[in-house]
Protein chains: 2
Amino acid sequence: MHANLISHISKYIELDECSIEVINKYFKPTDYKKKEFLLQEGQVCKSLHFVEKGCLRMYFINNKTTEQITQFAMENWWITDFFSFLDKKPSPYFIQTVENSHILSIDSVSYDAMLQELPLMERYFRIIMQRTVAASQLRVKYMYELSKEEFYLHFCNSFPQFIQRVPQYMIASYLGLTPEYVSELRKKNLS
Amino acid sequence: MHANLISHISKYIELDECSIEVINKYFKPTDYKKKEFLLQEGQVCKSLHFVEKGCLRMYFINNKTTEQITQFAMENWWITDFFSFLDKKPSPYFIQTVENSHILSIDSVSYDAMLQELPLMERYFRIIMQRTVAASQLRVKYMYELSKEEFYLHFCNSFPQFIQRVPQYMIASYLGLTPEYVSELRKKNLS
DNA sequence: GCTATTTCTTAAACCAGCTTAATATTTTTG
DNA sequence: CAAAAATATTAAGCTGGTTTAAGAAATAGC
């Protein structure tokens, strides 16, 4: 049960049978169909989510009209609106499945309780959060360093699995481009 | 000794006298004059730095010519190139003082040793890293949501202390604007 | 205080990427 | 399979913000 989660955690800390059981008990598994919402604008983001299988996107509504995607999450990725999750403030984000997905969720009360019961998990999450900070430093660097065309090409090379699984207009949104411009870039760079 | 650091950690975890001594022993204090470097491009970023007093900036060189600032750090902020620090890879960044500064640094070996000796610190850094992730989610949201003019005005309102202490062209760089455009915005929005 | 250096301003020409609007293609659903 | 919905393309016109180049003002060093 929760095979991907347990094997992911095991990469960073030593887990005995007993700890595995404790972890399994704190996470609530849910199956979602494509386009179901885990969070909607205005709600407090009550849970931290782990993607066992599938794909999620997080987005907000820009100028009251367009969806601006800020994050994707696939297998073995964590996702939440941390501000909302930590401070219990209403979130400006939607979190929605892009495909049918199997998600493990832990609400903030359980999260604190789990960290209390199993202090080893402090270490796991410290390491995961550090890696997340590293990744976001890199993302910001690319945003400042690359033109939008270069940013798009770099993304295609770095994450080819996304191109397969996520519609082009969502990738455009995530990169801060218009779908029309991505279309132009594809034409230019394919032929 | 290390008064700001200890009081910052105490906000998140309970520290007894003994733990305080352990922490103090792991951090190396250094005074830097304005414009001294803590890290230069090509070096491995060996330490995680805490600003007791002063101001740092982190930047890289864009198109081999212009300095692109990605982060500032003032009193009670942590700064490092996490990719370089964690994976011991050469860094593309410079970390430099903007003012005379008093900095506490811990290299990665000492960091691991401290976390071993004082597992409570896993919790402190887990919490700090979570807050850092929250802040960077918010930063990316603003980058996508606001025009460059709005982004500049928002920054001025949110961090007035920066406007006092950091030259305008560095703020322009941090926000991804040209200094010329910031000049134009000031003129437009002041009068 | 004087000089050099750093920082800031002004203004005109320019362009990467957006907007708009219409059409075409692909996928989903009954 | 047919119709509807979702996704992708094309092309022309436009604009927010950059580039370039010069000079002005402020700050720091001696």
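**Sheet and DNA contacts**

Q: What stands opposite B:His49 in strand 6 of chain B?
A: B:Ile79 does. Strands here are DSSP runs (E, at least two residues), and helices are H or I runs of at least four, numbered from the N terminus.

Q: Before I go on, where do the values come from?
A: This is a predicted model, where local features need pLDDT of at least 70, side-chain atom pairs count only at pLDDT 80 or more, and totals for chains, interfaces and linings use all residues. Residues are numbered from 1 along each chain, chains are lettered from A and ligands numbered from 1 as written, and side-chain values use heavy atoms, without hydrogens and water.

Q: OK, how many bridges join strand 3 of chain B to strand 6 of chain B?
A: 2 bridges, and the strands run antiparallel. Pairing takes at least two bridges in DSSP.

Q: And what's the strand order of the open sheet in chain B?
A: 1-8-3-6, with antiparallel pairing. Strand 1 (28-32) and strand 6 (78-79) of chain B are the edges.

Q: Switching to DNA strand C: how many residues surround it?
A: 16, with B:Tyr169 and A:Tyr181 among the closest; near means a heavy atom within 4 Å.

Q: Which helix gives the most to that surface?
A: Helix 9 of chain B, with 4 residues.

Q: What does B:Ser183 do there?
A: One of its polar side-chain atoms lies 2.9 Å from a phosphate oxygen of DNA strand C. Polar contacts here are N or O pairs within 3.5 Å.

Q: And how far is the backbone of A:Lys148 from a phosphate oxygen?
A: 2.8 Å, from a backbone N or O atom.

Definitions and conventions: Polar contact = N/O pair within 3.5 Å; in protein donor to acceptor, adjacent residues only side chain to side chain.
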